[in-house]
Amino acid sequence: MTALDLVLLSGISGSGKSVALNALEDAGYFCVDNLPPELLRSMVDLEVRRAPELRRRIAVSVDVRSVDSLPDLLPQLTALQAEGHQVRAVFLDASTDALVRRFSETRRPHPLSQLTQRQANLGSERSTTPDGGEHIDRIELAEQALIETIERERELLGPLRDRSTVIDTTLLRPAQLRTWVRNIVQAAPAPLTLVFESFAFKHGVPMDADFVFDVRMLPNPFYLKELKPLTGRDQPVIDYLAAQPESAELIAQIEAFLLRWLPTLEGDQRSYVTVALGCTGGQHRSVYCVEQLFKRFSPRGVVLSRHRELDAR
């Protein structure tokens, strides 16, 4: 039997699944949006029966609208992998603040929302309490209800998130998300894929990070006039940081930590580990460290590097 290439795309509502699914379609996948989990096995069996030259790479999107069937999904993924199929689960997430803002901008109701249509269309209307007390801001009430709904969705999708490669889309532009999704699905199958990601602490720690290292103690090229406009991928910055003893020591310590614990993660059936390194602006030190670690670990297997702040430019 020829193994199928199957991508299961899921995530929190409003986190960018439509953008990601379009990226997979552009990459040559046959995409199905919101497939009921009960039909996943039938779809795979149907594809397997096709002639080898006609078989397609499949991408399926599922979300909380199929909440009643989600408990049956994880056993199906395990069974498909046991049969030799290449199954990649990708989960999109974002901060609650970002999700609330996106729902506000699109004015679309959350799939789990229990708000009435009247509450959803209140706009800026205000009313008083029955006893003539202080005004109640209906928008604030609706926003609080949305936040509670999002947290409920996180709870329902938690087991699926734990099984998946997680992408934090809080600060990602659509073009960035499309690139990151393509990089994940184009990576060669491996027991464990290691991702090094640089970021700026001033914009928050990535939600998809398994390990976070702070490299702000290194000398900052930002304060040197000739290095300020450059990045950690430019040779003058590389030369400057490479000349600092602290840089080599810190990178060696991170490398030793990962070498010690990656085999344990592989033995725990982890397929994807994200190591995030942060500095103040995500431009010099964290970028340099990511690139150096990427070079050191590349010979060991599938390793990806990405730079959250640089990729957003």
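Predicted model: local features only at pLDDT ≥ 70, side-chain atom pairs only at ≥ 80, totals over all residues.
**Notebook: contacts, helix packing and confidence**

Entry 1, His-307. I looked up the contacts of His-307 and found that it touches Ser-198, Arg-233, Val-287, Val-290 and Glu-291, leaving out residues up to four places away in sequence. I take contact to mean heavy atoms within 4.5 Å. His-307 is found in strand S11, which covers residues 303–307. Helices (H or I, at least four residues) and strands (E, at least two) are DSSP runs, numbered from the N terminus. I then asked: is His-307 buried or exposed? His-307 is buried, because its relative accessible area is 2%. Buried means under 20% relative accessible area, exposed means over 50%, and partly exposed lies in between (1.4 Å probe, protein chains only).

Residues are numbered from 1 along each chain as its sequence is written, and side-chain values use heavy atoms, with hydrogens and water left out.

I recorded 11 helices and 11 strands in the protein. Of its 313 residues, 47% count as buried. Among contacts with a separation of 6 or more, 81% come from residues 24 or more positions apart.

I looked up pLDDT, the predictor's confidence in each residue, from 0 to 100. The protein averages 86, and 89% of the residues score at least 70. Where is confidence lowest, and where highest? Helix H5 (residues 117–120) is lowest, at a mean of 40, and helix H8 (residues 235–242) is highest, at 98. Over residues 114–129 the pLDDT stays under 50, and the model has 18 contacts for them beyond four places in sequence. A further stretch, residues 132–136, also has a pLDDT below 50, with nine contacts in the model beyond near neighbours in sequence.

I examined how helix H9 (residues 245–267) packs with helix H10 (residues 285–297): the angle is about 50 degrees and the axes are 11 Å apart. The pair is therefore oblique. Axes are lines fitted to C-alpha atoms, for helices over the stretch in contact, and angles run from 0 to 180 degrees between N-to-C directions. Angles under 35 degrees count as roughly parallel, over 145 as roughly antiparallel, 65 to 115 as roughly perpendicular and the rest as oblique. From H9, the residues Ser-247, Ile-251, Ala-252, Ile-254, Glu-255, Leu-258, Leu-259 and Leu-262 meet Tyr-288, Cys-289, Gln-292, Leu-293, Arg-296 and Phe-297 of H10. By class, I list 10 nonpolar, two polar and two charged residues in the contact of H9 with H10. Ala, Val, Leu, Ile, Met, Phe, Trp, Tyr, Cys and Pro count as nonpolar, Asp, Glu, Lys and Arg as charged, and the others, Gly among them, as polar.

I found H8 and H10 packed at an angle of about 85 degrees, with their axes 10 Å apart. These two helices are therefore roughly perpendicular to each other. Ile-238, Leu-241 and Ala-242 of H8 make the contact with Arg-285, Tyr-288 and Gln-292 of H10. The residues of this contact are four nonpolar, one polar and one charged.

At what angle do helix H2 (residues 40–48) and helix H3 (residues 73–82) pack? I read an angle of about 25 degrees, with the axes 10 Å apart. H2 and H3 are therefore roughly parallel to each other. The contact involves Leu-40, Arg-41 and Val-44 of H2 and Leu-73, Gln-76, Leu-77, Ala-79 and Leu-80 of H3.

I located Arg-161 in helix H6 (residues 138–162). Arg-161 counts as partly exposed, because its relative accessibility is 23%. Arg-161 and Gly-11 are 150 residues apart in sequence and 7.5 Å apart in space, C-alpha to C-alpha. Not counting residues up to four places away in sequence, Arg-161 touches Phe-91, Asp-93, Val-166 and Met-207.

I placed Leu-250 in helix H9. Leu-250 is buried, with a relative accessible area of 15%. Leaving aside neighbours within four places in sequence, Leu-250 is in contact with Asp-214, Val-215, Met-217 and Leu-218.
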